[in-house]
Amino acid sequence: MESFEEIADEEVPKEPRIYVSQSLRHLTREILATKTQNCFTQTKRTEITMIQIAFSIGLDSIWRFPYLCHRNGGGSFILVYFFMLLLFGIPLLYIEMIMEQWLRVDNVRIWKQLVPWLGGIGYASIMVCILVSLYNSVIIVWSLSYLSHSFDHPLPWNECPLVKNINVTDLSCLRTVSHQYFWYHTTLSASGHIEEGVKALVLHLTLGIFAAWFLLFLIMITGLKMLIFSVFLLYILLLCLFIRSLFLEGAIASLRRMVTIELSAWASLDLWRQAGSHVLYSLGLGMGTIINLSSCKTGGSNYAQVASLMALVNLVTSLLATSIIFIVLGFWAATSGHACVEKGVSKLMKLIDKGVLPQDAKPPENILLQPPLDYLDWISSLPRHLQDQVVHFSPSCSIKEQKEKFMEGPGLAFAAFSQVVSLFPASSLWAILFFLMLAVTELSTLIRILEGIVVPSQNSIFRNYPQLLSAVVCLGGFLGSFVFTSRPGSYIMSLFDDRLVPLTLITIVAFQNVALAWIYGAKRFREEISSELGHFLWSFFTFLLCYVTLPGLLALLIICLIQLYQRVPPYYIAWNSSVTQEVKQPYPQNTLGWVTFLSILTLLPIPVHPLYQWWHLQDHIASERFEKPLSKKMPLAPIKHFAWPKHRLVKSNFKMQEGNSESSLKVFSLTLDKGPDVVPLRSGYCRRLREENCPEVKQAFSD
């Protein structure tokens with residue numbers, strides 16, 4: 001009787017054939033279907049590039065950069081930011097763009113393939129995207145709030161609000177500009193300190209959060225394309241606002257202050273921390289947005305040019321928005337104090353001459369010779385029915401003398417832009433257009449951030465239920481954003497934006513840099529990429545990756561820790577209604593404890609993943625000891641276990657030897673025996689899926 005081995009040898013045909021099992025065919029179809037489902041929209045290369053550029057124009061360039069620049073000295077911050085953009089931003093952005101085009105997988109699987117024991121980096125990126133999406137949704141609510149008030153005529157932020165019961169405290173609107181007063185009292189209903197806690201939610205902000213996440217859900221399930229042209233329309237509006245602001249009083253002096261560089265400001269560690277973190281935040285580094293967007297591409301591109309273009313557009317947009325805000329701040333400072341009293345007296349006299357106000361509202365003749373606050377005392381001495389009218393018709397300037405740093409909080413951009421749009425004829429129309437485009441821009445930016453959550457989750461858990469995943473993400477975001485709709489919600493939002501997210505983002509990017517440059521190997525990465533692009537990467541990029549970006553990221557991380565845990569606690573900008581101005585308040589210790597807890601929770605997947613790998617390895621070893629062979633002639637094939645990060649990606653340069661087909665070979669990744677080693681198989685030259693006949697499989701097992 002013939003042995004089983006002899007029968008098996010006779011059944012193997014002499015001529016090579018392609019053996020593809022049903023499971024292999026199913027795996028191929030699954031991979032192709034996943035690639036189709038992962039992309040929100042299947043677009044051409046040019047449109048993808050435009051989306052990347054539109055993402056770089058996102059609201060962080062219009063909202064975040066200006067107030068950071070104003071807080072850190074103008075030109076000093078701009079120069080440090082530009083320096084870090086060249087040495088950190090562009091190289092890291094270039095590497096992220098080209099890495100996904102090479103492996104064509106999402107942000108989670110890409111690190112599992114490159115360095116399996118650091119696969120938790122992708123999950124940490126998802127956690128950062130969750131944090132960023134929560135507090136960015138509140139910015140949409142602010143834009144929607146201003147948009148809803150833009151339909152009023154006249155615009156409500158141009159004048160002090162009308163109140164029924166007038167008393168001395170209500171005259172605080174005259175101590176500051178009405179735009180700042182509107183921001184804190186009408187838009188935020190802000191409390192005086194963060195210790196108040198989430199006791200009660202602001203109704204209109206809560207309704208706005210619901211509207212924002214409902215819109216995001218509709219965009220996610222319908223795949224609505226609203227990303228490109230709306231952002232560039234906002235860019236055109238910014239140009240119009242900039243031209244109009246140049247005609248304001250003190251515009252040239254304000255621009256000169258913006259570009260003035262003070263070398264003493266560079267001694268501030270806070271300046272370097274905020275500039276470095278904003279480079280990562282503005283370009284979407286470490287959040288997976290660039291990697292997941294690149295996975296939808298259909299062809300190669302000159303990524304160095306695209307990365308440089310994105311950084312340039314981001315910088316130009318930031319400088320344009322910052323110029324507008326600095327001009328408005330200079331205008332507020334120039335028209336405060338005595339200048340504001342003169343403007344107010346002149347306006348009151350004109351209204352009295354026209355009969356709008358009675359003669360009893362006429363200011364004293366020597367009021368201009370007295371201190372500005374005496375003008376406020378005269379208003380408080382008027383009868384209440386006259387107080388109402390005088391306060392309402394007072395100009396939007398501060399009776400109290402203000403310094404150049406008029407406003408430092410996160411609402412600086414909204415207060416300044418509301419001032420500029422009110423200067424145009426048909427100001428309500430301009431306000432509607434601008435704040436509508438601002439809301440659309442933030443929606444498009446947030447969609448890109450949500451892709452960092454949805455795409456990896458869809459590949460692993462919700463592959464067959466994409467709409468269910470969108471519903472879960474939006475519902476969770478809606479519930480998690482409630483904390484930012486409370487009275488101290490803007491202070492909690494500043495805590496996330498200024499302390500929590502920069503710390504976690506810098507840590508994740510540093511781990512990515514270590515994994516790629518030193519564990520996988522920068523030289524090896526350069527050689528692997530050269531086979532994909534057809535030419536070697538610029539060697540200077542690998543030098544930056546190894547010897548510049550990593551030390552810089554570690555330095556930024558140390559600065560973040562020092563700033564967070566120093567003896568003097570960091571501060572935030574709060575609104576003091578009694579003195580009607582912003583004040584610096586120190587963060588309480590329990591608040592900084594929450595920052596520590598949330599940052600550890602966000603970064604927890606990085607150390608947990610190798611522990612899971614080790615536990616899974618031990619489980620396989622333990623189960624293997626109890627396994628018995630089915631027969632002496634047919635022992636079970638040994639199971640290939642997870643190995644320590646000795647990982648090799650095999651790239652084949654073979655061409656199809658048979659036939660004259662000129663079509664390109666489809667490459668897909670196949671995980672052998674549930675191990676981490678991914679072997680690219682090309683149909684056509686791997687004739688049989690056996691170790692002795694397929695060189696790539698043999699090489700993978702030998703490694």
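This is a predicted model: local features need pLDDT of at least 70, side-chain atom pairs count only at pLDDT 80 or more; totals for chains, interfaces and linings use all residues.
Helix H11 (residues 251-259) has three buried residues: Ala251, Ser254 and Met258. Those three cover an arc of only 60° around the axis, so they sit on the same side of H11.

- Threonine 322 itself belongs to helix H14, which covers residues 303-334.
- Is threonine 322 buried or exposed? Its relative accessibility is 0%, so threonine 322 counts as buried.

**H5 against H6**

- Two packed helices are described by the angle between their axes and the distance between the axes.
- For helix H5 (residues 75-103) and helix H6 (residues 107-114), that angle is about 80° and the axes are 11 Å apart.
- H5 and H6 are therefore roughly perpendicular to each other, given that 65 to 115 degrees is the range for that label.
- On the H5 side, the contact involves Met99, Glu100, Trp102 and Leu103; these meet Ile110, Trp111, Gln113 and Leu114 of H6.
- Sorted by class, the contact of H5 with H6 comes out as six nonpolar residues, one polar and one charged.

**H12 and the glycine after it**

- Helix H12 (residues 269-283) has 15 residues, which should span 21 Å at 1.5 Å a residue; the end C-alpha atoms are 22 Å apart, so the two agree.
- H12 is mostly covered, with 13 of its 15 residues buried.
- Which residue comes just after H12 with a positive phi? That is glycine 284, and its phi is about 75°.

- As background, most residues other than glycine have a negative phi, and most peptide bonds are trans.
- Histidine 153 and proline 154 are joined by a cis peptide bond, with omega at about 0°.
- Proline 154 is in the loop that runs between helix H7 (120-149) and helix H8 (178-187).
- Alanine 426 is not a glycine, yet it has a positive phi of about 55°.
- Look for alanine 426 in the loop between helix H18 (412-421) and helix H19 (427-460).
- With a relative accessible area of 53%, alanine 426 is exposed.
- Threonine 580, not a glycine either, has a positive phi of about 55°.
- Threonine 580 is in the loop between strand S1 (571-576) and strand S2 (581-586).
- At 2% relative accessibility, threonine 580 counts as buried, the cut-off being under 20%.

- Proline 570 is in the loop between helix H23 (549-564) and S1.
- Its relative accessibility is 3%, so proline 570 counts as buried.
- Proline 570 and tyrosine 587 are 17 residues apart along the chain, but their C-alpha atoms are separated by 6.0 Å.
- Which residues does proline 570 touch, not counting residues up to four places away in sequence? They are Arg499, Gln563, Leu564, Gln585, Pro586, Tyr587 and Leu592.

How values were computed:
Residues are numbered from 1 along each chain as its sequence is written. Side-chain values use heavy atoms; hydrogens and water are left out. Helices (H or I, at least four residues) and strands (E, at least two) are DSSP runs, numbered from the N terminus. Buried means under 20% relative accessible area, exposed over 50%, partly exposed in between (1.4 Å probe, protein chains only). Axes are lines fitted to C-alpha atoms, for helices over the stretch in contact, and angles run from 0 to 180 degrees between N-to-C directions. Angles under 35 degrees count as roughly parallel, over 145 as roughly antiparallel, 65 to 115 as roughly perpendicular and the rest as oblique. Contact means heavy atoms within 4.5 Å. Ala, Val, Leu, Ile, Met, Phe, Trp, Tyr, Cys and Pro count as nonpolar, Asp, Glu, Lys and Arg as charged, and the others, Gly among them, as polar. The arc is that of the directions from the helix axis to the C-beta atoms. The expected span of a helix is 1.5 Å times one less than its number of residues.
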